[in-house]
Amino acid sequence: MVQQPDYRDWSGVISLGLIWGGTFMVVAMALDGYGPVTVATARTTLGAVTLLILMAATGRRLPAPSPALWGSTIVIGVLSTALPFLLLSWGQQYVASAFAGLSMAAIPLMVLPLAHFFSDEPMNARRLFGVTLGFSGALILIGPGLAQIGQGAEPLAQLACVGAALCYSVASIFTRRCPPIDPVTLAALTLVVGAIILLPIMLISEGIPRWEGTRPGLAIVGLGLVPTAFATLLRVSIIRSAGSVFLTLVNYQVPIWSMIFGAWILSEALPLRFYIALSMILTGLAISQWFSLKKLLTER
């Protein structure tokens, strides 16, 4: 059964919101000097190396061979690193970083029905209403793009961002159902899987990367260390401690921070539908997660 979240879980969710909310801005900076495959590969590889060093420094060892464990690790690695990183990096060439961040708010709306069927976190009428309201907001967000499919790259880029959100949603369910394993080891192995997949793709499509200047260079290094290595570790720990549905509370913050960073630092224009979608999605999240929010307020 899912355990009640403690203050450590709540502090982790708050930290993840800020880190991931700023990630889309940093990706946009990295794309000023590097191709999308290189950005996705670099952050995955740097994150994997960082966590492997941490494993060695703390004496952690690889788990014993197990088809169930290794199968889960591969699936999680594909769905939580390789595929969503690639989709987001490619999509952010054509859409604002604020859009990419706002699309991540759809993750909990996808996790709830998935958790109902594949986990021990059942759906009820209140959650169903919240999901329906949130998805309506998501449709407002991507609606204009859906009407323009085939008219340039931007509509496909919008779908790529939403597709990345779906990857994260499915990955969180697999993480919750994964056989017992040390969180650091699991985080490291999933990033290794992503790096193994992306490295040959990068070498074939974009070649060996070079230093392309201070801003994109530092951005790509930062992506590997903070929102990838550290945040992947924190994400795995929260899911295994408090459940995949609880982790989705991070998405209250991600779209807000992504819009703030995008407008303030990158001077991105934010159309009215962004704010309407944000309001509907966050309201839907609040309804679906009402008891978790109520518990937080009563325990403070």
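Predicted model: local features only at pLDDT ≥ 70, side-chain atom pairs only at ≥ 80, totals over all residues.
Reader: Let's start with helix 2 and helix 8. At what angle do they pack?
Author: About 145°, with the axes 7 Å apart. Helix 2 covers residues 36-57 and helix 8 covers residues 183-205.

Reader: Left-handed or right-handed crossing?
Author: Helix 2 and helix 8 cross in a left-handed way. As for who takes part, their contact has 17 nonpolar and 8 polar residues, with no charged ones.

Reader: OK, on to helix 11 and helix 12. How do their axes sit?
Author: Helix 11 (residues 254-264) and helix 12 (residues 272-288) have axes that come within 11 Å and cross at roughly 160°. Since angles over 145 degrees count as roughly antiparallel, helix 11 is therefore roughly antiparallel to helix 12.

Reader: And which residues make that contact?
Author: From helix 11 you get Pro 255, Ile 256 and Met 259. Helix 12 brings in Phe 274, Tyr 275, Leu 278 and Leu 282. By class, the contact of helix 11 with helix 12 has 7 nonpolar residues, no polar and no charged ones.

Reader: What about the handedness there, left or right?
Author: The crossing of helix 11 and helix 12 is left-handed.

Reader: Is Ser 267 buried or exposed?
Author: Exposed: the cut-off for that is over 50%, and Ser 267 has 62% relative accessibility.

Reader: Switching topic: how many residues are in the largest nonpolar core?
Author: There are 45, and Leu 16, Leu 88 and Met 104 have the most contacts inside it.

Reader: What does Leu 88 touch?
Author: Leaving out residues up to four places away in sequence, Leu 88 touches Phe 24, Ala 100, Met 104, Cys 161, Ala 164 and Tyr 168. Another core, of 16 residues, lies apart from the largest one, and includes Met 55, Cys 178, Leu 186 and Ala 229.

Reader: Last one, Arg 126. Where is it?
Author: Arg 126 is in helix 6, residues 125-146. Arg 126 counts as partly exposed, at 21% relative accessibility.

Reader: And how far is its C-alpha from that of Ser 288?
Author: The C-alpha atoms of Arg 126 and Ser 288 are separated by 6.0 Å, with the two residues 162 apart along the chain.

Conventions:
Residues numbered from 1 in each chain as written. Heavy atoms only, no water. Axes fitted to C-alpha atoms, helices over the stretch in contact; angles between N-to-C directions. Helix = DSSP H or I, 4+ residues; strand = E, 2+ residues; numbered from the N terminus. Left-handed = near helix turned anticlockwise from the far one by under 90°. Nonpolar A, V, L, I, M, F, W, Y, C, P; charged D, E, K, R; others polar. Parallel < 35°, antiparallel > 145°, perpendicular 65-115°, else oblique. Contact = heavy atoms within 4.5 Å. Core = buried A, V, L, I, M, F, W, Y, C linked by side-chain atoms within 4.5 Å. Buried < 20%, exposed > 50% of the residue type's maximum accessible area, 1.4 Å probe, protein only.
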